[in-house]
Amino acid sequence: MSRPVFTAHTPDTAPAAARPVMAGVHRKQGHLPTAVALMAESPQLLKGFLDANAVFESTDLDPVAREVVVFTVATRNECHLCVAMHTATLSRHDGTAELVEALRAGAELPEPRLEALRRFTLAVLDHRGAVPDEELDAFLAAGWQPRHALDVVLGVGTYTISTFANRLTGAPLDPPLAAYAWEPAA
């Protein structure tokens, strides 16, 4: 259930600037996710997240690599909604059950190159961007390029917006995501 101070808007109750954005999400997804309805309170936040997400999706990182970044941010920030949503997304991108399980647990990934990406994403978060040379070197040695390091920063920023907004508003899991429910380890 959402926190009482935040309203899950409908297209009729949302601020005018949020309405076309909400309509676009509804067209694309076939429904209006509650998280979007809650973010609509701030049309700028909603549009900013969706625009940043579209840019992140256009990076040189492939879909599975992008999901590694998103999962790493989502589990670190304990966003139950993002983890559930991206479990479904990674499943659509043919992510293996072993990969999904490791990401949900915050554990070492089965594929070394993706594990280097996960570790680098954690380093960006842990060091607030000032990643130590040895951690950047390990990332690059795994076959990633300098541009990918910056793409990770974009992903971290994008999904910090989403995870923080979802946690602040108490965004619930929508019924289609119930099968992917996640809670952080105690």
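Student: In this predicted model, why is Phe-49 called buried?

Tutor: Its relative accessible area is 9%, and buried means under 20%, so Phe-49 qualifies.

Student: And what makes Tyr-159 buried or exposed?

Tutor: Tyr-159 comes out at 5% relative accessible area, so by that under 20% rule Tyr-159 is buried too.

Student: How do you know that Phe-49 and Tyr-159 form an aromatic pair, and of which kind?

Tutor: Look at the rings: they sit 5.6 Å centre to centre, with 85° between the planes. Centres within 6.5 Å make a pair and planes over 60 degrees apart make it edge-to-face, so that's what we call this one. The pair links distant parts of the chain, with Phe-49 in helix H3 and Tyr-159 in helix H9, 110 residues apart.

Student: What makes the Phe-139 and Trp-144 pair stacked?

Tutor: The ring centres are 5.8 Å apart and the planes meet at 5°, which is under 30 degrees, so the pair counts as stacked. Phe-139 and Trp-144 are both buried as well.

Student: Which residues do ring pairs link into a cluster?

Tutor: Phe-49, Phe-56 and Tyr-159.

Student: Which residues have the most contacts inside the largest nonpolar core?

Tutor: Leu-114, Leu-117, Trp-144 and Val-152, in a core of 52 residues. H4 gives the largest share of this core, eight residues.

Student: What is Val-152 in contact with, leaving aside its neighbours within four places in sequence?

Tutor: Its partners include Leu-61, Val-69, Leu-117, Phe-120 and Phe-139.

Notes. Residues are numbered from 1 along each chain as its sequence is written. This is a predicted model: local features need pLDDT of at least 70, side-chain atom pairs count only at pLDDT 80 or more; totals for chains, interfaces and linings use all residues. Side-chain values use heavy atoms; hydrogens and water are left out. A nonpolar core is a set of buried Ala, Val, Leu, Ile, Met, Phe, Trp, Tyr and Cys residues joined through side-chain atoms within 4.5 Å. Buried means under 20% relative accessible area, exposed over 50%, partly exposed in between (1.4 Å probe, protein chains only). Helices (H or I, at least four residues) and strands (E, at least two) are DSSP runs, numbered from the N terminus. Contact means heavy atoms within 4.5 Å. Rings of Phe, Tyr and Trp (its six-membered ring) pair if their centres lie within 6.5 Å; planes under 30 degrees apart count as stacked, over 60 as edge-to-face and the rest as tilted.
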